[in-house]
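This report describes one protein chain, shown below. It begins with a helix and then turns to the strands and the core.

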Amino acid sequence: MKTLDIDRRNFMKKAGGSLIAAAAGSSLALSAMHAHAAQSAVTQTKQSQDAITPQKALQMLKDGNSRFVQGKMYQRNLMQQVKATGAGQFPFAAIVGCIDSRVSNELIFDQGIGDIFSARIAGNFVNDDILGSLEFACAAAGAKLILVLGHTECGAVKGACDDVVLGNLTQTLANIKPAVAAVSGYDSDRSSKNDKFVQAVTDKNVVLTVERIRKRSPILQGMVDKGLIGLAGAMHDVHNGKVTFF
Ligand SMILES: [Zn+2]
């Protein structure tokens, strides 16, 4: 350590003004880092959940994804959040997403423990059980927003396009088939080899899932109509982490 200190003094003497400028720059960078580090996540409570409107909930997810993409995630003490939420949870949103390993809702929206309900199923569709879960999230547990999140390069959507038959997966993929049928054109190639066709089906699957939530859950539809909850669709690009909201 001593040798290093001496070397450093000598170096500073030789380097003169430019080093001072560099040092000033680095202290600026350091204070910027500190400013960023000060941004700590809030753990949701009944009070904070009550104060969040559906519009605000959507904005919170947009802001969270923006932080994720920029690498400026909030600081979180997850174990502290575990302790704070142990007796009760007050999440502000419910997300229907795919099981895909690249689309972890908490990560891509920079959320922590107790922030969001996550319903994940290959191809991000809804069936009776997912609808029941969403009714629990919104009507019983106070979430203010349902987001249906599709993603690019979705293996389940590709499987539906290709009519894959494989055990129980066959039935799972049947839930995505209405989106395949609803996309017209692309007659030269309606297989997973056609990227544009796959993306068109992926987009349509989100739109149809949003519609299906309204049609098949009078409880959720009623809450949307009364402005108690929001219902939106979005697409996550697995190449860059960005979520585009419809
Ligand atoms: Zn997927």
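## Helix 7

In helix 7, the buried residues include I130, L134, A137 and C138. Buried means that 20 or more other C-beta atoms, placed from the backbone, lie within 10 Å of the residue's own; exposed means 12 or fewer, and partly exposed lies in between. These four residues cover an arc of only 80° around the axis, so they lie on the same side of helix 7; the arc is taken from the directions from the helix axis to the C-beta atoms. On the other side of helix 7, D128, D129 and A140 are exposed. The buried residues are covered by elements including strand 1, strand 2, strand 3, helix 11 and helix 12 (218–225).

Helix 7 has 13 residues (128–140), which should span 18 Å at 1.5 Å a residue, and its end C-alpha atoms are 17 Å apart, which agrees. The expected span is 1.5 Å times one less than the number of residues. After helix 7 comes G142, with a positive phi near 85°.

## Model and chain

This is a predicted model, in which local features need pLDDT of at least 70 and side-chain atom pairs count only at pLDDT 80 or more, while totals for chains, interfaces and linings use all residues. Residues are numbered from 1 along each chain as its sequence is written.

The chain has twelve helices and five strands. Helices (H or I, at least four residues) and strands (E, at least two) are DSSP runs, numbered from the N terminus. Of the chain's 246 residues, 32% count as buried.

Five of the five residues of strand 1 (residues 93–97) are buried, so strand 1 is largely enclosed by the rest of the structure. A93, I95 and G97 point one way, and A94 and V96 point the other way. In a regular strand, side chains alternate between the two faces of the sheet.

Strand 1 runs parallel to strand 2 (residues 116–120), joined by five bridges; pairing requires that DSSP finds at least two bridges between the strands. A93 has I116 as its bridge partner in strand 2. Strand 1 also runs parallel to strand 3 (residues 145–151), with three bridges, and V96 stands opposite V148 there.

## Nonpolar core

A nonpolar core is a set of buried Ala, Val, Leu, Ile, Met, Phe, Trp, Tyr and Cys residues joined through C-beta atoms within 7 Å. The largest one has 50 residues, and those with the most contacts inside it are A93, A94, C138, L145, I146 and L147. Helix 11 (residues 195–216) supplies the largest share of this core, seven residues.

Not counting residues up to four places away in sequence, L145 touches P54, A57, L58, F92, A93, I229, G230 and A232. Contact here means C-beta atoms, placed from the backbone, within 7 Å.

Definitions and conventions:
Contact = placed C-beta atoms within 7 Å.
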